[in-house]
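Come along and check each entry as you read.

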Amino acid sequence: MPRLQVKDMRLYYSTLRGVVRAVDYVSFDIGEGEALGIVGESGSGKTSLGLSLMRLLPRNVHTFEGSISLNGTELKTLPEEEFRRNVRWRKIAMVFQGAMNALNPVLRVEDQIAEPLLNTTSTSREEARKRVEDLLKMVGLSKEVARRYPHELSGGMKQRVLIAMALILDPQILIMDEPTSALDVSIQAQIMNLMKRLKSKLNLSILFITHDIALASDICDRLGVVYAGELAEIGPSETILTAPKHPYTQLLLASIPKLTGSEMPKFIPGQTPDLANPPSGCRFHPRCPYVFQPCSQQNPSLIILNQQHSARCWLLEKS
Ligand code: SF4
């Protein structure tokens, strides 16, 4: 049984422009110790997907439907208090996008990391201090960092502290939303190596949300490509990288600059659609180089290509 199973997730918001369909019938699962990458452009709904798993939703939610099950237990129907007490941070934790600026500037690192432990368990201050030291070591920081304030840390150190904060209650699932986008490339590589180590040491299941398909493939066993709130393609990372079936995935990969050869990166024409008014039919059809007769009229379903690989495109119905 997968550790996390999401089925037909819908998350829509009410806005002045109308109902925004941020997540539209998305399904996936993540196994123990597995990393799934959710890849897509800004505005594709990938952050909403992460926040919905944490049940951290804004007030203007219009629809929040579907099933989210953790180790076979349905979370969607859990009362809010039970979810807050037993699931959020304890079972599913998240490192938020741009969260490096969210560290409290007037609290020492150890107090910020230990806070959830002290607030929600009977752990003593001494035990909490020891746990913070162990976690700092695990994320590659010395125990002296515990006494420092955020302004005394570099960007990479802050990101490590945030990962330690997310791990303090020993979650099974870690959601990481663009965890390295604010970092230099060399620091980014260090954080990715750290995440790979933690994944195997803690048997962590990771949902890695990013716009960068190359970065995601570095840590993820499988990749899910989202477009305009829908899953366009999902499969093992190697398959997605070497034999992508959806035209959007193919263009995403073609947009990555190559280190060798003279081939220039290709750009995806057009813009991401307005999710309050998505295109009819296949949502990618206004930008797709292969658009043909049925594309603008009917949205294709996800077609199962093999046990692990699915994609949503009329071209696959023809083949
Ligand atoms: Fe392109 Fe049509 Fe496939 Fe959509 S269904 S990705 S428009 S070929």
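**Ground rules.** I am working with a predicted model, where local features need pLDDT of at least 70, side-chain atom pairs count only at pLDDT 80 or more, and totals for chains, interfaces and linings use all residues. Residues are numbered from 1 along each chain as its sequence is written, and side-chain values use heavy atoms, with hydrogens and water left out.

**Entry 1: the ligand.** Which residues are around the ligand? I found H246, P247, C282, H285, C288, Y290, C295, P300, C313, W314 and L315 (near means a heavy atom within 4 Å). I sorted this shell by class and got nine nonpolar, two polar and no charged residues. For the classes, Ala, Val, Leu, Ile, Met, Phe, Trp, Tyr, Cys and Pro are nonpolar, Asp, Glu, Lys and Arg are charged, and the others, Gly among them, are polar.

**Entry 2: cavities.** Rolling a probe the size of a water molecule over the atoms shows where empty space is left. On a 1 Å grid over the protein atoms alone, a cavity is a set of points where a 1.4 Å probe fits but cannot get out, and lining residues have an atom within 4 Å of a point. I found three cavities of 30 Å³ or more in the whole structure (volume is the space filled by probe spheres set on the points, which are joined across faces, edges and corners).

I counted 13 lining residues, with P247, C282, C288, C295 and C313 nearest the centre. Its lining has 10 nonpolar, two polar and one charged.

The second largest cavity is about 60 Å³. Its lining includes Y227, H246, C282 and F284, and strand β10 (residues 230-236) gives the largest share, three residues (strands are DSSP E runs of at least two residues, helices H or I runs of at least four, numbered from the N terminus).

**Entry 3: the largest pocket.** A pocket is an open set with protein on both sides within 12 Å along at least five of seven lines. The largest one has about 560 Å³ of space. Of its 23 lining residues, W89, Q112, E115, P116 and M165 lie nearest the centre. I noted that α3 supplies the largest share, six residues. The lining divides into 14 nonpolar, four polar and five charged.

**Entry 4: rings.** I found four aromatic pairs (Phe, Tyr or six-membered Trp rings with centres within 6.5 Å). Y227, Y248 and F284 are linked into a cluster by ring pairs. The charged end of R55 sits over the ring of F83, 4.4 Å from its centre (NZ of Lys or CZ of Arg within 6 Å of the ring centre and within 35 degrees of the ring normal). The charged end of K76 sits over the ring of F64, 4.3 Å from its centre.

Notes: Phe/Tyr/Trp six-rings, centres within 6.5 Å; stacked < 30°, edge-to-face > 60°.
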